[in-house]
Amino acid sequence: RQRQMCIRDSGYATQPVSFNGNHADSDDNGVGDGGAVYILGQSVPLDSSIDIHKGRVFGNRAVNGGAFYIDENTFFNMHANTQEINGNRVDCWNEKCSLLSSNLSTNRGGAIYIKGHVIADVIQTHVENNRADEGTFLSSDSTDGYQNIFIHQNLIVHNGRNGSGEYADNN
């Protein structure tokens with residue numbers, strides 16, 4: 001049985017669907033992944049999925065995956081594609097209608113951490129100001145399964161380290 005979460009065109013021009021200000025490790029004990037969403041499939045390949053269409057994900061925090069922790073047997077899709085609904089063209093309301101911004105991981109994957117057998121698409125998304133020690137935008141661990149990660153037509157800017165080490169970014 002497939003589990004699916006679909007967040008599609010749920011917002012409107014001044015208030016898109018948002019994941020904002022969530023904290024997976026709120027007690028600061030070093031345990032807590034996926035600041036906004038943690039998704040884990042079961043034993044059947046790709047039995048869980050999340051599709052975020054025209055969403056804004058910003059200001060989330062976790063140990064791994066500041067915004068998203070995508071684990072085993074999962075399909076992940078985040079995009080702002082123009083699409084046709086009932087014969088009408090539906091465009092994005094601005095250049096940042098699909099946004100991953102200002103998410104923080106204290107370890108890996110400032111915006112997204114991917115582990116195990118996963119297919120992930122990030123398309124036409126503005127990715128900015130995410131922070132992590134490893135993988136400021138995306139970090140991937142394919143030890144437990146193969147991965148297909150597709151990054152298309154994105155603007156990826158001003159992501160950086162978590163404020164420590166030789167390449168510290170103290171913004």
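1. At 19% relative accessibility, Asn 159 counts as buried; the classes used here are buried for under 20% relative accessible area, exposed for over 50%, and partly exposed in between, with a 1.4 Å probe and protein chains only. A polar atom of the Asn 159 side chain lies 2.9 Å from the backbone nitrogen of Asn 130. The C-alpha atoms of Asn 159 and Ala 111 are separated by 9.5 Å, although the two residues are 48 apart along the chain.

2. A word on the model before going on. It is a predicted one, in which local features need pLDDT of at least 70 and side-chain atom pairs count only at pLDDT 80 or more, while totals for chains, interfaces and linings use all residues. Residues are numbered from 1 along each chain as its sequence is written, and side-chain values use heavy atoms, with hydrogens and water left out.

3. Now the overall picture. The secondary structure comes to 0 helices and 18 strands. Of the 171 residues in the chain, 47% are buried. Taking contacts (heavy atoms within 4.5 Å) between residues at least 6 apart in sequence, 82% join residues at least 24 apart.

4. Have a look at the open sheet of 5 strands, which run in the order E2-E5-E11-E15-E18 with parallel pairing. Strands E2 (17-20) and E18 (155-157) stand at its edges, and each has a single partner strand, so one side of each is left without a neighbour in the sheet. On average, neighbouring strands of this sheet are turned by 5 degrees against each other, direction ignored; axes here are lines fitted to C-alpha atoms (for helices over the stretch in contact), and angles run from 0 to 180 degrees between N-to-C directions. Two strands pair if DSSP finds at least two bridges between them. E2 and E5 (residues 55-58) pair in the parallel sense over 4 bridges, and Asn 20 has Phe 58 in E5 as its bridge partner.

5. Of its 20 residues, Phe 68, Ile 70, Phe 76, Leu 100 and Ile 112 touch the most other members. Strands E3 (37-40), E4 (48-53), E7 (68-71), E8 (74-79), E13 (112-115) and E14 (118-123) each supply at least two residues of this core, and the largest share, 3 residues, comes from E14. Leaving aside neighbours within four places in sequence, the contacts of Phe 68 include Gly 34, Val 37, Ile 52, Val 57, Phe 76, Leu 100 and Ile 112.

6. Moving to charged pairs, the count comes to 2 salt bridges, each being a side-chain nitrogen of Lys or Arg within 4 Å of a carboxyl oxygen of Asp or Glu. One is formed by Arg 108 and Glu 134 (3.4 Å, N to O). This pair links distant parts of the chain, with Arg 108 in strand E12 (residues 104-108) and Glu 134 in the loop between E15 and strand E16 (138-141), 26 residues apart. Arg 108 is partly exposed at 21% relative accessibility, as is Glu 134 at 41%.

7. Lys 115 and Asp 144 also meet in a salt bridge (3.8 Å, N to O). Here Lys 115 sits in strand E13 and Asp 144 in the loop between E16 and strand E17 (147-152), 29 residues apart. Lys 115 is partly exposed at 24% relative accessibility, and Asp 144 is partly exposed at 48%.

8. His 126 is placed in strand E15 (residues 126-128) and is buried, with a relative accessible area of 7%. The His 126 side chain makes a polar contact with the side chain of Glu 128 (2.9 Å); a polar contact is a pair of N or O atoms within 3.5 Å, and within protein one must be able to donate a hydrogen and the other to accept it, with residues adjacent in sequence counting only if both atoms are side-chain atoms.

9. Lastly, please check two backbone angles. Asn 73, in the loop between E7 and E8, has a positive phi of about 60 degrees although it is not a glycine; Asn 73 is buried at 7% relative accessibility. Asn 129 likewise has a positive phi of about 60 degrees without being a glycine. Asn 129 lies in the loop between E15 and E16 and is partly exposed at 30% relative accessibility.

How values were computed:
Core = buried A, V, L, I, M, F, W, Y, C linked by side-chain atoms within 4.5 Å.
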